[in-house]
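Q: I have a chain open here and would like to go through it piece by piece. Can we start with how it is divided?

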Amino acid sequence: MTADTGTMFTTEREEQAIRDAVGGIAGSYGPAYYQQQVDDGANCAELWDALGAKGYLGVHLPEEYGGGGLGLRELAIVVQETALAGCPLQAMLFSAGVTGTILSRSATEEQKSRWLPGVATGETRLAFAITEPDAGANAHRISTVASRRGEHYVINGQKVFITGMESAQWVMVVARTGVDERSGRGRLSVFMVEADTPGLSWTPIRTVMNQPDKSHQVFFDSVQVPVENLVGSENKGLAVAFTGLNTERILTSSICTGIGHYALHRAVAYANRRRVWDQPIGAHQAVAHPLAAAHIHLQAAQLVANRACELYDSGAEVGELANMAKYLGAAAGLEALDAAVSVHGGNGVTYEYQLAPYFWLVRMLNMGPVSKEMILNFVAEHSLGLPRSY
């Protein structure tokens, strides 16, 4: 049990037990179920409920609020194993991972009691709204405004590429509540907004990402939010948000490496049974080497993500490793998926072989939730001491 966070670290045997259990649950649904959910416009509710009922959605949340009392490492395992079974759920990143962690670390006791039990069981799904059309990676330029009026804040503005609004009961919103007079940067605050609040609306963005969790434009037209729904202190919202944004980066690595391992397993099985000449195609170095390289890079990304989880769960500074984990995991997942598609040849781009439908999800996760270019900017400045370039 750590002194800083109260998080209990699991043994290797216990971690494997979590992998086996989650893999068994998700594997009973699998890629065919996932694709059917996409085709039907559904949200994998059966899988979500099964994971929640067994405590895996809240494995990292405090026990007193219905969670498992473990840490980010264990949630990362859940995310990875679900993706490894062919069912990558971005909603898990934003509901359990980002917003659940922010509430756990920054909310009042009353707020934790109000929201965390539902998050832990999966009965309450949350979305996270920070990205804006004109702000991009620069959160200081957020223009969505929350103005205090008596016992309410009134929110006006727009967000974009917000995942999972169609199934969320609540959305955590990052809005501007003031301006720093010296720098001109926005001072931010974090709010919990009920999804059916008057003035809150959204519309799906049509993308090529083959996933049940849709992206949306979200609009706030004089949306009234009670003062008690402010999470953390007013104007201190960027620090509050980053308790979840670092989590998001680590879990993004996990979902990408999970998809990468899923693709690699399928490619290896195919390369072992497919014969074009007199032996399996996996005997040819042109086939074997890309798969071996992908395996190496997936393992390296996993080690960095594991270390990032350990630091996060101990309460240590994790910004550098969280960014590195996201960079490596997203790249390794895409490399493995691309190699697997190539091994399958023409079969790789068919729905039947259940590989190409995941491509654009992993490709997008190489650009967001933080781009590799911004990660390199961060490492250049904060790790190497180079001048700020943006």
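A: Domain bounds here come from an automatic or database domain assignment. On that basis the protein chain is divided into domain 1 (13-121), domain 2 (126-233) and domain 3 (239-383).

Q: What kind of model is this, and where does the numbering start?
A: This is a predicted model, in which local features need pLDDT of at least 70 and side-chain atom pairs count only at pLDDT 80 or more, while totals for chains, interfaces and linings use all residues. Residues are numbered from 1 along each chain as its sequence is written, and side-chain values use heavy atoms, with hydrogens and water left out.

Q: How far apart are the centres of domain 2 and domain 3?
A: Their C-alpha centres lie 30 Å apart. Eleven residues from domain 2 and nine residues from domain 3 take part in the contact. Contact means heavy atoms within 4.5 Å.

Q: Which domain features does UniProt list?
A: An unreviewed UniProt entry places "domain: Acyl-CoA dehydrogenase/oxidase N-terminal" at residues 14-123. UniProt positions are in the numbering used here, feature names are shortened, and annotations may be inferred rather than shown by experiment.

Q: New topic. Which residues touch the most other members of the largest nonpolar core?
A: They are L51, L103 and F128, in a core of 96 residues. Helix α7 (residues 237-273) gives the most to this core, with 14 residues. A nonpolar core is a set of buried Ala, Val, Leu, Ile, Met, Phe, Trp, Tyr and Cys residues joined through side-chain atoms within 4.5 Å. Buried means under 20% relative accessible area, exposed over 50%, and partly exposed in between, using a 1.4 Å probe and protein chains only.

Q: And what does L51 touch?
A: Not counting residues up to four places away in sequence, L51 touches V22, I25, Y56, L57, T82, L89 and M92. Another core lies apart from the largest one; it has 20 residues, among them A129, A168, V223 and V225.

Q: Back to α7. Is T257 buried or exposed?
A: T257, which sits in helix α7, is buried, with a relative accessible area of 1%. Beyond four places in sequence, T257 touches Q80, L298, A301, Q302 and G329.

Q: What about V268?
A: V268 is also found in helix α7, but V268 counts as partly exposed at 37% relative accessibility. V268 and V343 are 75 residues apart in sequence, yet 8.8 Å apart in space, C-alpha to C-alpha.

Q: Which residues of α10 are buried?
A: In helix α10 (residues 359-367), L361, V362, L365 and N366 are buried. They are on the same side of α10 because they cover an arc of only 145° around the axis, the arc being that of the directions from the helix axis to the C-beta atoms. The buried residues of α10 pack against α2 (30-40), α5 (90-106), α7, α9 (319-344) and α11 (372-383).

Q: Now the strands. How do β2 and β3 pair?
A: Strand β2 (residues 145-149) and strand β3 (residues 152-163) pair in the antiparallel sense over five bridges. Two strands pair if DSSP finds at least two bridges between them. β2 and β3 form a hairpin with two residues between them, and G150 in the turn has a positive phi of about 65°. β3 is also joined to strand β7 (residues 215-226) by nine bridges, again running antiparallel.

Q: Why is β4 described as enclosed?
A: Eight of the ten residues of strand β4 (residues 170-179) are buried, so β4 is largely enclosed by the rest of the structure. Strand β1 (residues 126-129) pairs with β4 in the parallel sense over four bridges. β4 and strand β5 (residues 186-194) pair antiparallel over nine bridges.
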